[in-house]
Amino acid sequence: MAERPYVSFAEVKQKIPIPDVLAVLGLADRFTRTKGTLTGVCPLPSHQHGPNPNPEQFKINQREGLWLWHCFGDCQRGGDVIELVKAMTGYDNSHVRFWFAENFGDRLTLQPSHKRKDQASETSEAPKKEMAPANPGKEITQEATLAKAANKTILDELSPLKPLRFFLKLDPCVPYLFERGLKPETIRRFGIGLCQKGLLKGYVAIPVYNYPCPAGTNPIGYLGRWPDDSIHKGTEELSPPRYKFPADFPRNRLVYGLAEALEATEGQPLIVVEGSFKVYHLFQAGFSNTVATFGASVSDEQAAILAKTGRPLIFLFDGDDAGRGGAKSAAERLITQAAVRVINLPMGQVPDALSPVELAQVLS
Ligand SMILES: [Zn+2]
């Protein structure tokens, strides 16, 4: 009999997402995907189903870089990708190792099983040295690398974003922008200006680019900001909407100002704010390392994009319930993938109302 290859469970957990295992088991089409979560009827052979199985009972998602499942029905059990294969097949450890070697051998480091005794543990020598307590910084880096590898699957599952076929010529001389304190340098840097035709006619158009974005590539879309706040007072329903998002604008998959923020700021954290005008304000206050998420709710995709930069992250959202809740939720999802800090501004406070000195204080 041929030697069975040895597969490290630690490596399996890092490299093999549960959706890929479902595909091998022929179960992929039994689950529906909403954001990052797959939901469906419990597939475990041990689950005794009634006449109307509950399609909400079994959930699969990624937490802290690890794929996990849970049956909220009668099973009341859950686990990682290894536990899932065990529960589905009834195999023991050595059989499960063999199953992964057979189905995912191309993604795993296969070692002949007789060499196994030479290994002290599942971790190889080199990473173990890095994990030594004397060097805590490297440990974080290694964790971040693992999580980044896991995140890559979320982003890679999505079809690439398509840049627009056109490029809008915008007029940078907009009184409203000067009234809001924007300097010509800021207007140039972010390419914003008044749009004179089309859907955004009369609006300040804000080009939003994918990242990375090769030179000469068009934006993914333009956001509109109506350049007059006065008409919004008391006549709300008659006014043009303050912000205009194109219907198909993929706001969940874009982080505003990322290319600009990463440029020439190596070694600095990324400051994350809620909107583009806050990015402009921070840029003018000396914080060119600022990006925005188009609102207080950070999507899983945006979180993955932020984690992928490898930069420490500082959330500086508005001092209100939405801002605090959004920053907290984002930080919880990112905590194992990046060094994350949340700055809770006092209630009613917003970053764009802070002076450069005050910003430097809250960010220090
Ligand atoms: Zn179940």
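Colleague: How many bridges pair S12 with strand S14, and in which sense, parallel or antiparallel?
Modeller: In this predicted model, S12 and S14 (residues 313-315) are joined by three bridges, in the parallel sense.

Colleague: Switching topic, which residues touch the most other members of the largest nonpolar core?
Modeller: That core has 53 residues, and the ones you want are Ala205, Val272, Val291, Leu306 and Leu313. Domain 2 (143-159 + 251-364) and domain 3 (162-249) both contribute residues, so the core lies between them.

Colleague: And what is Val272 in contact with, leaving aside neighbours within four places in sequence?
Modeller: Val272 contacts Val291, Thr293, Leu306, Leu313, Ile314, Phe315 and Leu316. There's also a second, separate core of 19 residues, with Val7, Cys42, Val85 and Phe100 among them.

Colleague: Now H10. Why is helix H10 described as largely enclosed?
Modeller: Eight of its nine residues (the helix spans 276-284) are buried, so the rest of the structure largely encloses it. The buried ones include Phe277, Lys278 and His281.

Colleague: What covers the buried residues of H10?
Modeller: The cover includes helices H8 (184-190) and H13 (356-363), plus strands S9 (204-208), S12 (270-273) and S13 (290-292). After H10 comes Gly286, with a positive phi near 100°.

Note on methods. Residues numbered from 1 in each chain as written. Predicted model: local features only at pLDDT ≥ 70, side-chain atom pairs only at ≥ 80, totals over all residues. Core = buried A, V, L, I, M, F, W, Y, C linked by C-beta atoms within 7 Å. Buried ≥ 20, exposed ≤ 12 C-beta atoms within 10 Å, placed from the backbone. Domains from an automatic or database assignment. Contact = placed C-beta atoms within 7 Å. Helix = DSSP H or I, 4+ residues; strand = E, 2+ residues; numbered from the N terminus. Pairing = 2+ DSSP bridges.
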